[in-house]
2 protein chains.
Amino acid sequence: MGLDPKALSGQAREKAMPEQKPQNVKPKQTADPLPSWNDNNLKRSILDFVTRVSTEGGADFVPPIERIAVFDNDGTLWCEQPFYIQLAFALDRVKALVPAHPEWRTTQPFQAVLEDDHQALGAAGMKGLLELAVATHTGMTSDEFDRIAREWFATARHPRFNRLYTDLAYQPMVELLGYLRASGFKTYIVSAGGIEFMRVISERLYGIPPEQVIGSSGKIKYELRNGVPVIVRLPEFDFFDDKEGKPVAIQKFIGHRPIAAFGNSDGDQQMLQWTAAGPGRRLMLLVDHTDAEREFVYRVSPMGRLELALDEAHQRGWTVVSMKNDWKSIFSFDK
Amino acid sequence: MGLDPKALSGQAREKAMPEQKPQNVKPKQTADPLPSWNDNNLKRSILDFVTRVSTEGGADFVPPIERIAVFDNDGTLWCEQPFYIQLAFALDRVKALVPAHPEWRTTQPFQAVLEDDHQALGAAGMKGLLELAVATHTGMTSDEFDRIAREWFATARHPRFNRLYTDLAYQPMVELLGYLRASGFKTYIVSAGGIEFMRVISERLYGIPPEQVIGSSGKIKYELRNGVPVIVRLPEFDFFDDKEGKPVAIQKFIGHRPIAAFGNSDGDQQMLQWTAAGPGRRLMLLVDHTDAEREFVYRVSPMGRLELALDEAHQRGWTVVSMKNDWKSIFSFDK
């Protein structure tokens, strides 16, 4: 992979922790499973929820097969500012591919990307973004795309933190994922991000295997090329895993309702609603980006908004994490 | 669930075996993990494959995260004659719903179902079957469909064996599923059958949880009904998980290539091709229905054909199981 091993130190422990756990494992009561969370009522409420649903014989016990936890990715598990990481990938790919596409120098939205003209890029809107996605994410086989994404992750760096993007997982959430799995949960990503893009890093960063990653996708096709089977990525959008799409994807891919859901934007509202509406004890949590010093402060941004979901969280008593107040550290490289 | 516990005796052991196993569990060398398979070279080749890929340090070792095995369902894991079990369900549902749809008595293909007129039903073709599927499988919420299917499985019986359909899993394949999982495999169903129909029984019959069942599906929709979130089954087909659709679904749902694939018809050919084309040791297996006495004899039938896949199996040396010669017993109720 060629990744700097030091850059992965925060995830190393996580990776060593196998996703497949024996059932009915109890959380260790002695060691703190969430050391990067400040010791307050919010943290205690998470520990309380997990202990209750995983304690056999207790009133709130949930059988392991139903202990499903779903996580949004961008802004919930890793940084999404100033651009979604997948958008940064697409922009870099346009620059890498321009020698084979000289016409892009004078065609929008490509020209905007090549000239770092954020205003023109913004003006291109959703239609422009889809054109960029098609140009950079389709036309190759799935194996080729996997390789291209891996190579990008090995070197591309975040503009503010000057770290590999694989370093930008939120350490408290990585701990929470591991804690849930150690308590018999099966952990899923349910994100508007591209399913095959996230699968490249999900095991390494989060301990989540490819088959537990659900995302947006383009159409793909099976064919034989000189007798060799390949999966080809077609230039046609298939499924947008956001808002109402999230419970739909959960039903399709998982087939039962989660008992815990984690998000950070209005795109996660329906997933949290769907999770909340089942019987028994449940945990719905939103991450609120409140820390300008260590990360970013935003609720309304070009990378999504947190308005309707926050209103519903306040009405219904869902958990809202303030990154500034509730997280001792945000990234594994924080002191 | 109201099911006859005796009818499940063959699956009871399987159900008690959790799907999630610790990694690197070695198959027990002492007990026979496949007692319903005749002791011959075919059985030894399966044991040899599983031992090789799961023995750490061996030349053929495959890390647990890549130990993915995919199984067709109809005709591979359970009986598909004289009708696919889901078709029997649809026919029974037409009869149950006719009081609310008196017009069906004089409208095809419903009239054919109500009059057990198999010739007229055959004449209605694929279009007729889709009409039956829409009439019996859509318009309700996913929770309602789940309940309807569970109730049907609790009482409906196979016309020849006079057994609950949940009794018609192939015992040798149930043993194989358990053996693979005990050897660190993750087992999946990849079937042209309806995804939500199979999920009702997959854990009970095969030890496969809902999230490891992939199948054909109709479009579904998330909505709030009086503030309560529901998933509604729409009268629109979405995805046909057969032939080229199987590797496509494997890529979409699982995201890595299996190392073992099991089928019984031309609908499974591409799934076996895709599995075979990866590096390292692989197992591709077809079940050939050769036992008129204990089950059925067929290769070409209205419920699918085994021709092209069998040719390719012979050319490439894939494993072909003769139910008559290779299986000591077929169902758990066989002596």
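Mentor: A salt bridge is taken here as a side-chain nitrogen of Lys or Arg within 4 Å of a carboxyl oxygen of Asp or Glu. The model is predicted, so local features need pLDDT of at least 70 and side-chain atom pairs count only at pLDDT 80 or more, whereas totals for chains, interfaces and linings use all residues. Residues are numbered from 1 along each chain as its sequence is written, chains are lettered from A and ligands numbered from 1 in the order in which they are written, and side-chain values use heavy atoms, with hydrogens and water left out.

Trainee: How many salt bridges does the rule count over all chains?

Mentor: Side chains of opposite charge can pair when their charged atoms come close. One such pair is A:Asp60 with A:Arg52, at 3.2 Å from N to O. Over all chains, the count by this rule comes to 46.

Trainee: Is A:Arg233 buried or exposed?

Mentor: Buried means under 20% relative accessible area, exposed over 50%, and partly exposed in between (1.4 Å probe, protein chains only). The relative accessibility of A:Arg233 is 13%, so A:Arg233 counts as buried.

Trainee: What is the area buried between chain B and chain A?

Mentor: With contact meaning heavy atoms within 4.5 Å, 41 residues of chain B are in contact with 42 residues of chain A. Buried area is the accessible area (1.4 Å probe) that two parts lose on being put together, summed over both. Carbon and sulfur atoms give 59% of the area between chain B and chain A, which is about 3,400 Å².

Trainee: How many salt bridges are counted between chain B and chain A?

Mentor: A:Asp143 and B:Arg257 meet through their side chains in a salt bridge at 3.8 Å, N to O. Between chain B and chain A, the count of salt bridges is six.
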